[in-house]
Amino acid sequence: MIHSKQSGVGIEKHYTYLFLGHHLKREIISIIIMCILTSYGHLVIKHSSSSIVLTRNIPLLFRQFLRPGLISGLAAVLCAPFFYFYALKSLELNTAYSFTALNQIIIPGLGIVIFRERITLKKAAAVLLIASGILIWNL
């Protein structure tokens, strides 16, 4: 959906998308994509790193890093900042930066589910504090 408003120079167009009854700006969607790519990359790299054997055999070491999963994880981590840069074009830095904290919620949560990592009371409290901070910051 396109919303237009008259400004001193011309008509500004704001692109929004309807999600769960709310209009989201492209920039917010871009931040969400950045978080998804970052989380995916870290989880795939964690999964792939468990089978990497450090060796002095350079060809073997090189072949280990050419696994599709590891390459996709690295590509995701390298592409994520471009979505952040796009969001920074029109979002305030403090808004954009606060959303990057979503990674501190997503990655540990998926680490618990996928890798069966332990959750302690301290970690659970930290995740709740981070989520509360994001929510309060952006209200």
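**Phenylalanine 115 and the chain around it**

Reader: Leaving aside neighbours within four places in sequence, which residues is phenylalanine 115 in contact with?
Author: This is a predicted model, where local features need pLDDT of at least 70 and side-chain atom pairs count only at pLDDT 80 or more, while totals for chains, interfaces and linings use all residues. Residues are numbered from 1 along each chain as its sequence is written, and side-chain values use heavy atoms, with hydrogens and water left out. Contact means heavy atoms within 4.5 Å. With neighbours within four places set aside, phenylalanine 115 touches Leu43, Lys46, His47 and Leu110.

Reader: What separates the C-alpha atoms of phenylalanine 115 and lysine 46?
Author: Along the chain, these two residues are 69 residues apart.

Reader: Is phenylalanine 115 buried, partly exposed or exposed?
Author: Phenylalanine 115 lies in helix α5, residues 103-115. Buried means under 20% relative accessible area, exposed over 50%, and partly exposed in between (1.4 Å probe, protein chains only). Its relative accessible area is 24%, so phenylalanine 115 is partly exposed.

Reader: In what pattern does the protein chain run?
Author: Helices (H or I, at least four residues) and strands (E, at least two) are DSSP runs, numbered from the N terminus. The protein chain has six helices and three strands. Read along the sequence, the pattern is β-β-β-α-α-α-α-α-α.

Reader: How far apart are the end C-alpha atoms of helix α1?
Author: Helix α1 covers residues 26-49, which is 24 residues. The expected span is 1.5 Å times one less than the number of residues, so α1 should span 34 Å. The model agrees: the end C-alpha atoms are 34 Å apart.

Reader: How much of the protein chain is buried?
Author: The protein chain has 139 residues. The buried share is 23%.
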